[in-house]
Amino acid sequence: MDFDQRPIAAASPRVGLAGVNGYGRNHLRNAVRLDGEGLLRLVAYADVAPDAAGTVAALCPHPLPGYASFERLLADEALDIAVLGTPIPLHAEMIDQAFAHDVSVLVEKPPVVTVQDLDRLLQAQEGRDVVCQVGFQNARSPVIRALGQLGRSGVLGEIELVGIAGHWQRSDAYYARTDWAGALVHRGRHVLDGTLTNPFAHALMNALLVAGRDDDHPATPATVQAELYRCRDIDGDDTASVRITTDEGIPIVAAVTLVAGTHADPRVFVKGSLATATAYYTKGRLEIDPPEFPLAVSPDTSGQAPDLLANVAEVVRGTNKQLLVPLRLCRGFVLALNGMYESAGRPRPVSPRFTTDRSENGERWVHLDGVDDLIEHCAQTGQLFSEAGAGWASSTQAFSLARYHTFDLFRS
Ligand SMILES: NC(=O)c1ccc[n+]([C@@H]2O[C@H](COP(=O)([O-])OP(=O)(O)OC[C@H]3O[C@@H](n4cnc5c(N)ncnc54)[C@H](O)[C@@H]3O)[C@@H](O)[C@H]2O)c1
């Protein structure tokens with residue numbers, strides 16, 4: 001566990017939110033709850049959306065000053081903690097701004113999308129009295145901890161791979177909700193908005209943790225081979241298969257799609273020579289296959305994932321030294337993202353002859369025919385789509401991340 005060295009003062013830290021619509025609503029509700037419990041004081045918010053004040057009025061029982069600029073919020077409100085539920089391409093700059101005001105941060109995932117931004121921010125943090133937590137809300141959940149411990153204990157036999165399987169369906173509304181959705185670059189800033197950067201980011205982070213040496217040392221990607229595809233008219237991928245070799249020696253494979261035929265709970269699993277353990281991380285459920293496989297001690301998966309804002313508030317108050325998901329823990333995650341695009345290049349379009357459209361109540365979904373079985377096959381075997389014979393897929397090369405320090409694709 002990370003012991004963040006912050007001798008902190010604030011008895012009841014002053015918290016400001018940036019981004020209160022979209023996913024930020026969850027942070028607003030949670031901050032209101034924790035304010036009610038006296039753990040922190042929710043003092044103000046910043047948002048550029050005209051209807052943000054309405055969101056705040058509906059969810060916050062007391063009046064909350066609103067700012068149209070994050071910089072003004074920082075300048076005027078003497079915050080201790082800023083919660084960033086803002087668009088991905090703004091995270092790096094906003095973390096920088098918060099640090100410059102000596103304000104600690106809870107930033108939504110992905111914290112940043114290039115390894116140079118991550119390294120720069122880690123450097124900027126050094127010597128400052130600030131912490132930066134990343135919103136991977138199930139990374140410290142009982143089920144992910146249990147999965148990691150099972151894999152490392154040897155009880156599953158020799159570990160063949162850590163797998164990710166994800167079948168989700170995203171409609172047109174998902175891509176219409178915000179102007180950076182599905183973009184690789186937005187207004188000159190990297191977004192890399194695709195399956196494993198955004199909706200399945202939790203799965204990738206969880207897999208790296210599970211394949212790591214211990215709970216505090218996620219696996220470090222050594223090479224990444226990725227096939228990234230898009231069935232929709234977007235720049236980012238909506239269907240991906242990825243194979244990651246790690247310095248720790250355990251390969252990670254991911255097969256995920258947002259154009260599934262059927263929606264299923266995403267999962268991270270450890271495939272051992274004797275048995276497979278699977279974490280349905282959004283549901284907190286752990287399964288062993290075969291079900292009758294004898295475990296000397298059944299892992300305890302009861303209880304909730306710890307609340308990440310409460311944890312930052314405790315660390316800032318000085319009542320807890322353990323920051324749960326510090327920024328530095330996410331370096332392997334960001335390296336994996338960069339390696340994926342270095343290997344695959346721009347996501348490749350899939351011809352509409354392989355897809356089917358479905359409309360319901362004015363909403364439209366795209367389905368890549370046969371993708372559900374393919375996802376299962378690739379996640380189980382570690383094959384990429386082209387190796388599994390998908391008619392629309394073509395092969396890529398593995399990319400080595402040795403001494404990799406700058407991601408610079410797609411901007412020109
Ligand atoms: N942890 C999770 O499970 C989870 C789930 C969904 C989204 N997210 C993450 O939440 C973040 C936000 O995603 P979203 O889809 O809600 O984004 P969004 O584009 O809907 O924006 C969120 C909010 O930020 C506001 N905003 C935009 N520019 C701003 C600025 N310059 N200053 C202040 N506010 C600004 C928007 O008006 C909006 O209210 C992303 O990082 C996303 O990956 C996390």
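**Cavities, pockets and backbone features of the predicted model**

About 50 Å³ of space lies in the largest cavity, where a cavity is a set of points on a 1 Å grid over the protein atoms alone at which a 1.4 Å probe fits but cannot get out, and a volume is the space filled by probe spheres set on points joined across faces, edges and corners. The structure is a predicted model, in which local features need pLDDT of at least 70 and side-chain atom pairs count only at pLDDT 80 or more, while totals for chains, interfaces and linings use all residues. Residues are numbered from 1 along each chain as its sequence is written, and side-chain values use heavy atoms, with hydrogens and water left out.

The lining of this largest cavity, meaning residues with an atom within 4 Å of a point, is made up of Tyr174, Tyr175, Gly182, Asp193, Gly194, Thr195, Pro199, Ile234, Asp237 and Leu258. By class, five of these residues are nonpolar, three polar and two charged (nonpolar: Ala, Val, Leu, Ile, Met, Phe, Trp, Tyr, Cys and Pro; charged: Asp, Glu, Lys and Arg; polar: the others, Gly among them).

In total, three cavities of 30 Å³ or more are present in the structure. The second largest cavity holds about 40 Å³ and is lined by Ala139, Arg140, Ile144, Arg145, Leu209, Val210 and Asp215. Its lining has four nonpolar and three charged residues, with no polar ones. H6 and H8 each contribute at least two residues to this lining (helices are DSSP runs of H or I with at least four residues, strands are E runs with at least two, and both are numbered from the N terminus).

Turning to the open spaces, the largest pocket (an open set of points with protein on both sides within 12 Å along at least five of seven lines) contains about 1,200 Å³. It is lined by 41 residues, and Tyr23, Gly85, Thr86, Pro87 and Trp180 are the closest to its centre. Helices H3 (70-77) and H4 (91-100) each provide at least two lining residues, and H4 gives the most, with four. The lining comprises 17 nonpolar, 15 polar and nine charged residues. Domain 1 (3-137) and domain 2 (139-303 + 328-400) each supply at least three of the lining residues, with domain bounds taken from an automatic or database assignment.

The second largest pocket has a volume of about 440 Å³. Its lining consists of 20 residues, and those nearest the centre are Gln137, Ala305, Pro306, Asp307 and Leu308. At least two residues come from each of helices H1 (24-36), H6 (142-153) and H9 (308-317), and H1 gives the most, with three. Eight of the lining residues are nonpolar, 10 are polar and two are charged. This pocket lies between domain 1 and domain 2, because both give residues to its lining.

The backbone also has some details to look out for in the loops. The peptide bond from Lys109 to Pro110 is cis, with omega near -15 degrees; Pro110 sits in the loop between strand E6 (104-107) and helix H5 (115-125). Another cis peptide bond links Asp289 to Pro290, with omega about 5 degrees, and Pro290 belongs to the loop between strand E16 (285-289) and H9. Leu192, although not a glycine, has a positive phi of about 50 degrees. Its place is the loop between strand E10 (189-190) and H8.
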